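This report describes a protein model, moving from its overall properties to individual residues. The sequence and structure are shown first.

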Amino acid sequence: MKKIILIFIVFSCSNYIFSQTEYKAVFPDSLKKNANAIIQEDFTDIEIESIDKMTIKKRRVITVLNEQGLRNVDAVEYFSKSNNIKKIEVTIFNLFGKEIKKIKKKDFVESAVGDGFISDNRVLYLNYTPIQYPFTILFESERVTSNTSYIPSWQATDDYFVHTLKSSVHLKYSENIKFKYKEVNFTNQVKKEFKQNELYYEIENYKPFKKEELAPSLKKMVPYVLFGLDEFSYEGIKGYATNWQVFGDWVNQEMLKNTDVIEPETILKLKNLIGEEKDNLKIAEIIYKYVQDKTRYVSIQLGVGGWKPMLARDVDRLGYGDCKALTNYTRSLLKAFNIDSYYTIVYSGSNKMDLQEDFVSMQGDHAILGIPNNNTNVWLECTSQTQPFGFQGDFTDDRKVLIISPEASKIVKTSSYNNEKNSQKTETIINFLEEGKINCNVSILSKGIIYDSKLNLELKSKAELNKFYNSYLDKINNKNFDQIEVVNNRKSLEFTENLKFSATEFVQKSGNRYIIPINVINPISYIPYNYEERNNPFEIDRGYFLDDEVVFNYPANSSLESIPKNITIESEFGKYEVQINRKENNSLVLRRKLLLKKGFYTSEKYNSYRKFRETIAKTENLKIVILTN
């Protein structure tokens, strides 16, 4: 980590004195460049008086330059029985800094948290439609909470196209509190002061990030700080986070204990389904299928519902639950048959995010189940009614998670689907007929995350599949499908697509010559955007492997006049190969492979990657010339 420059700031005895800020929306073009909004000041003051009392004050002055900048106003506060909003108000200023509207707490809109949630949590948010742009908003709030399990983190910016002139956080805590923090992605642009029981961070003139193609998440690029306590309060329950085993023991004792009782009638149903099966993993698969058929997902945030699951017997009775409840329900059913499993906490989403292993605290936003099997884990997504047993997909794959175990709560990695594990093998037979017509047989076998991306196809109607494959094979005109078959093999985790079709106008004719594209089923045409100046690093987050074989049969009364040469292109990003071989009986075989490697790369390498993909795309335009007699 680079050296942090210290600055000295005078703190008042109680609270930080907020600085004065200009409310005018007039800025030089240099500050507005690549910005939808300009944060003039964003200050958070956090005071932790005890492990069950925390006060959070916010002051945010933001100039909204255009409609896209409205998303960055962030004039919102959440409240519940344990979170009390003491103050929330907004003042709106016009272009020249003149006050045009003041919005008090009673004028904020109140609603439940999220659509379709069963929740004790409520939210107050600003609903304001501006008359003109730009304008400036001053947002001020104060919230008192008994929960210290989550202390607001500080991040230099939380969105693209936002210019931050000043962002800071001041944190003060009682001397008898075991406070901790972790700094991530720090540079010397961040200023810091640490004194007894007080901590202050500040950053100035933090220029906006343009949203560039293949850029990683902002969490991987911008400075941020995590705050936490070794002993905390969560909904009136004292918690402990000195290490992961201690934290896991707390989750077991306070969140999971006595939630796993299953009614005898349900156990009897499962015994009948299991029959004479003795293999624990096969029994687990039967139980998982039972859960999928019986339950559906509903988000529930009641009481200590953010972390404590509803009772397994209630899930069994009602037939629904959130991720915690359904995971715990599946765990409870497995436990009834003496099968061990781990309730597991994870950050979910296709953009992979790890739990911070060296910062023990309440982290994560989702729960899954792990079944130990030969020094690894079989992972179950218990909220899905369609996910195959033991397959995660891109929602929870390849990231650090916390397994909760009485013996060994610890951070582990979930299954990864990278490079060759994400594969698509395409086998194609093209029969070239008279007058440029063809008939074609295609078989596509997909695995890994590519398999995951195909699962929705088995839910489509015949008409929808016809429309989909007409679009997928858009390089071939006037297609008529004789067969469209999709098969999801849930055991082998393979998805197969079988297509048979005929087409006209497939080739370009010149005299007695036919110019024929032979790589039309799965062409690789992607070329990354060409930036004059690339600013962000870029990431290939999983990688994949494409393996294509095309057998091209042409009539006996014709001959090959020319075929492309074999090609190999290799770089640090992957390898691309094309081999073309003549066969007997008027046949030609093309074999093409592309391995794209997972990786995180600096902005300086972007042009090299773009060149790699551009060369491949140009090479893909392969054609043969057939001469008719």
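## Burial and basis of the model

A residue is called buried under 20% relative accessible area, exposed over 50% and partly exposed in between, with a 1.4 Å probe and protein chains only. Of the 629 residues of the protein, 52% are buried by this criterion.

The model is predicted: local features need pLDDT of at least 70 and side-chain atom pairs count only at pLDDT 80 or more, while totals for chains, interfaces and linings use all residues. Residues are numbered from 1 along each chain as its sequence is written, and side-chain values use heavy atoms, with hydrogens and water left out.

## Overall architecture

The protein contains nine helices and 40 strands; these are DSSP runs numbered from the N terminus, with helices being H or I of at least four residues and strands E of at least two. Along the principal axes, the C-alpha atoms fill a box of roughly 95 × 70 × 45 Å.

A contact denotes heavy atoms within 4.5 Å. Among contacts with a separation of 6 or more, 71% join residues 24 or more positions apart.

## Surface and charge

The protein has 87 positive and 83 negative charges, whose mean positions are 2 Å apart. Lys and Arg count as positive, Asp and Glu as negative, and His and the chain ends are not counted. Each charge is placed at NZ of Lys, CZ of Arg, CG of Asp or CD of Glu.

## Nonpolar cores

A nonpolar core is a set of buried Ala, Val, Leu, Ile, Met, Phe, Trp, Tyr and Cys residues joined through side-chain atoms within 4.5 Å. The largest has 56 residues, and those with the most contacts inside it are Phe 432, Phe 501, Ile 516, Phe 552 and Ile 626. Apart from this core lies another, of 48 residues, including Met 54 and Phe 186.

## Two contrasting residues

Gln 155 is located in strand S11 (residues 151–155) and counts as buried because its relative accessibility is 18%. Its side chain makes a polar contact with the side chain of Lys 219 at 3.1 Å; such a contact is a pair of N or O atoms within 3.5 Å, where, within protein, one must be able to donate a hydrogen and the other to accept it, and residues adjacent in sequence count only if both atoms are side-chain atoms.

Lys 278 lies in the loop between helix H3 (264–274) and helix H4 (280–294). Lys 278 counts as exposed because its relative accessibility is 66%.
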